Amino acid sequence: MLPDGGVIPVDGGAPGVPDAGTPQTMDACTAQPEQCNAVDDDCDGDADESAASAACAAVSGSTRRACSAGECVIVECASGSDDCDDEYENGCESVLATDDAHCGSCGHACAAGESCEGGECVELPVIEWLTPLAAGASNAAVTAADVADDGSICAAGAFTGTFRFSGSGCFGSDHRSSGDQDVFVARMTATGGITWIAQIGGDSREEAHSVAALSDGRCVVAGRVTSTSVTIARQAIAIPSGDSHFVAAISGCASAAPIELTGSLETWQLFATGTGMVANARAHSEQTVHGIAVPPGSVIARFDLDTLRLSGVSSIGDAAGAIDVGSTSVVAAQQFSNELRIGARSFVADGPGDVLITLWRLDGEFVDAWQAGRARNDAPSAIDVGDDGTIRVAGTSEIDDTEANDTVIWTLEPGSDTPRMQVVAAAGGYVALASIAARGDRVFLAGGFSGSPRIGGVSLPSTGSFDGFVSEWNDEHEMLWARALGSSGPDHVFWTHAADAVVAFGLIGARFAAAGQSVEPLGDGGAAFVLRAALD
């Protein structure tokens with residue numbers, strides 16, 4: 001007797017065991033929603049009809065999808081993107097405006113030294129060389145650098161600990177800090193070689209604030225000493241007050257003469273002219289330096305090129321700012337609040353902090369001034385005068401009454417009395433512009449940033465907690481490209497400009513490599529560096 005529902009096999013074999021040569025009965029088709037799988041899921045006799053395309057899941061950037069040969073494919077992408085790798089899962093993965101491998105269209109790759117910007121391949125600033133300075137010191141940073149007319153560089157910074165230099169070191173091959181922190185000054189070739197290194201040190205803390213590269217091979221360095229006696233290159237100098245700012249001219253390993261102490265007059269920018277030195281300086285109190293009365297606040301200071309003694313000052317307000325020096329004039333930008341008098345003119349701030357742009361002759365005579373800002377808290381950080389006389393000021397401007405700041409450029413064209421402002425990086429990430437330089441119709445902005453701010457509309461993610469960046473803009477302030485520079489650690493990158501390049505310098509917080517060279521700090525300290533990146 002067979003169980004209910006059983007069948008007798010044709011070959012008389014055991015129930016439920018089919019014979020290999022006998023056709024089997026198929027189960028009835030159970031209709032399911034059609035999928036893209038080359039199967040007739042809905043039992044209508046056709047596989048993968050239109051419903052299968054509708055079943056293809058939406059993937060990033062896709063606007064139309066279809067089913068083909070049992071697989072989902074992308075038919076159309078959102079404007080500006082494309083599926084260049086033919087991988088459905090990652091969607092329209094290529095942003096054609098910025099993808100170096102697919103610039104403007106799939107398969108159009110930019111050449112080495114180029115970057116995709118706006119769907120076109122443009123030249124990048126190619127790093128030509130990278131030179132570590134004070135390598136081996138427990139903590140070191142380059143705090144100032146300047147490029148001479150022949151392309152050679154003066155770099156000044158500070159270090160703690162010991163480093164070795166096998167070239168023309170003024171204290172032999174070993175440089176050891178005497179106190180908490182010593183200063184080093186280096187003359188470098190246009191190709192990154194080190195010609196000589198000198199040292200400034202005492203039993204306390206010394207600082208380098210600015211440096212100028214003279215055409216005769218000297219480096220003029222300004223800074224601060226807090227020891228009662230310091231050795232500058234090979235010359236011992238007594239510091240009666242135990243704390244003074246100074247200006248010194250150093251030429252290789254020769255005695256650093258002249259050396260002048262400037263009391264509380266601190267110098268943050270040095271420029272060499274045909275007749276002397278011009279500096280952006282600040283006095284913390286009213287004083288007399290080298291027989292010249294110095295008012296408190298920010299001043300344009302003039303020094304004799306041979307003696308380095310102060311020869312005159314021009315007051316430009318209370319707050320620190322920036323200056324640019326040409327062959328016949330000086331242009332300054334500073335923040336001011338309330339009322340500010342310069343010469344016979346008076347200026348009243350429209351908000352808690354406005355920007356004032358002033359023009360001076362090299363001899364200190366006031367020429368003209370222009371007020372900028374949007375009646376909020378505006379502050380300048382760098383200034384440049386182009387070959388055509390256009391003045392550009394980089395800085396920050398507060399939005400409404402919030403604490404958020406836009407990064408901006410104020411532009412004053414020849415013949416205009418009203419600077420126009422343009423936002424180059426909107427609030428939302430921290431961006432600090434350290435330098436601005438115009439070369440013909442090209443404008444280069446450089447500075448530092450953290451997070452992922454949008455600079456010129458392009459998101460620029462930082463590698464570490466703080467990175468540097470350099471960018472190129474046209475004369476309408478439309479950004480052509482922007483590139484970050486930094487390591488996975490906290491980096492402090494500063495910039496100066498040559499005729500056809502940018503020179504970056506500062507402190508790297510983790511290993512960084514470029515142009516076949518690398519810099520790497522010891523432990524938690526920083527590593528000092530200088531690099532040159534070509535713009536042409």
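Buried means under 20% relative accessible area, exposed means over 50%, and partly exposed lies in between. Asp475 has a relative accessibility of 36%, so Asp475 counts as partly exposed. This is a predicted model.

**The acidic patch and its surroundings**

Asp475 sits in the loop that joins β41 (467–474) to β42 (479–485). Asp475 also belongs to a patch of negative charge on the surface.

Asn474 lies in strand β41. Its relative accessible area is 17%, under the 20% cut-off, so Asn474 is buried. The side chain of Asn474 makes a polar contact with the side chain of Glu478, at 2.8 Å.

Gly389 is found in the loop between β33 (378–385) and β34 (391–398). Gly389 has a relative accessible area of 31%, so it is partly exposed. The C-alpha atoms of Gly389 and Gly61 are 46 Å apart. Along the chain, 328 residues separate this pair.

**Salt bridges**

How many salt bridges does the structure hold? There are eleven. Three of them are listed here, among them Arg442 with Glu472.

| Salt bridge | Closest N and O atoms |
|---|---|
| Arg205 and Glu207 | 3.6 Å |
| Arg218 and Asp216 | 2.9 Å |
| Arg442 and Glu472 | 2.9 Å |

Arg442 and Glu472 form a salt bridge. This pair links distant parts of the chain, with the two residues 30 residues apart. Arg442 is in strand β38 (residues 442–450), and Glu472 is in strand β41. Is Glu472 buried or exposed? Glu472 counts as buried because its relative accessibility is 8%. Arg442 is at 22%, so Arg442 counts as partly exposed.

Arg218 and Asp216 form another of the bridges. Arg218 counts as buried because its relative accessibility is 14%. Asp216 has a relative accessible area of 49%, so Asp216 is partly exposed.

Arg205 pairs with Glu207 in a salt bridge. The relative accessible area of Arg205 is 39%, so Arg205 is partly exposed.

Salt bridges also link Glu128, Asp500 and Arg532 in a network.

**Positive phi outside glycine**

Asn338 has a phi near 60 degrees, a positive value in a residue other than glycine. Asn338 is in the loop between β28 (329–336) and β29 (339–342). Is Asn338 buried or exposed? Asn338 is exposed because its relative accessible area is 61%.

Ala515 is not a glycine either, yet its phi is positive, at about 50 degrees. Ala515 is placed in the loop between β45 (512–514) and β46 (517–519). At 46% relative accessibility, Ala515 counts as partly exposed.

**A cysteine in β2**

Where is Cys72 found? Cys72 is in strand β2 (residues 71–77). Its relative accessible area is 21%, so Cys72 is partly exposed. The C-alpha atoms of Cys72 and Ala54 are separated by 9.8 Å. Cys72 and Ala54 are 18 residues apart along the chain.

Methods. Residues are numbered from 1 along each chain as its sequence is written. This is a predicted model: local features need pLDDT of at least 70, side-chain atom pairs count only at pLDDT 80 or more; totals for chains, interfaces and linings use all residues. Side-chain values use heavy atoms; hydrogens and water are left out. Patches are made of residues with over 30% relative accessible area and no salt bridge: like charges are joined within 9 Å, nonpolar side chains (Val, Leu, Ile, Met, Phe, Trp, Tyr) within 5 Å. Accessible areas come from the Shrake-Rupley method with a 1.4 Å probe; for residues, only the protein chains shown count as cover. A salt bridge is a side-chain nitrogen of Lys or Arg within 4 Å of a carboxyl oxygen of Asp or Glu. Lys and Arg count as positive and Asp and Glu as negative; His and the chain ends are not counted. The place of a charge is taken as NZ of Lys, CZ of Arg, CG of Asp or CD of Glu. Helices (H or I, at least four residues) and strands (E, at least two) are DSSP runs, numbered from the N terminus. Buried means under 20% relative accessible area, exposed over 50%, partly exposed in between (1.4 Å probe, protein chains only). A polar contact is a pair of N or O atoms within 3.5 Å; within protein, one must be able to donate a hydrogen and the other to accept it, and residues adjacent in sequence count only if both atoms are side-chain atoms.
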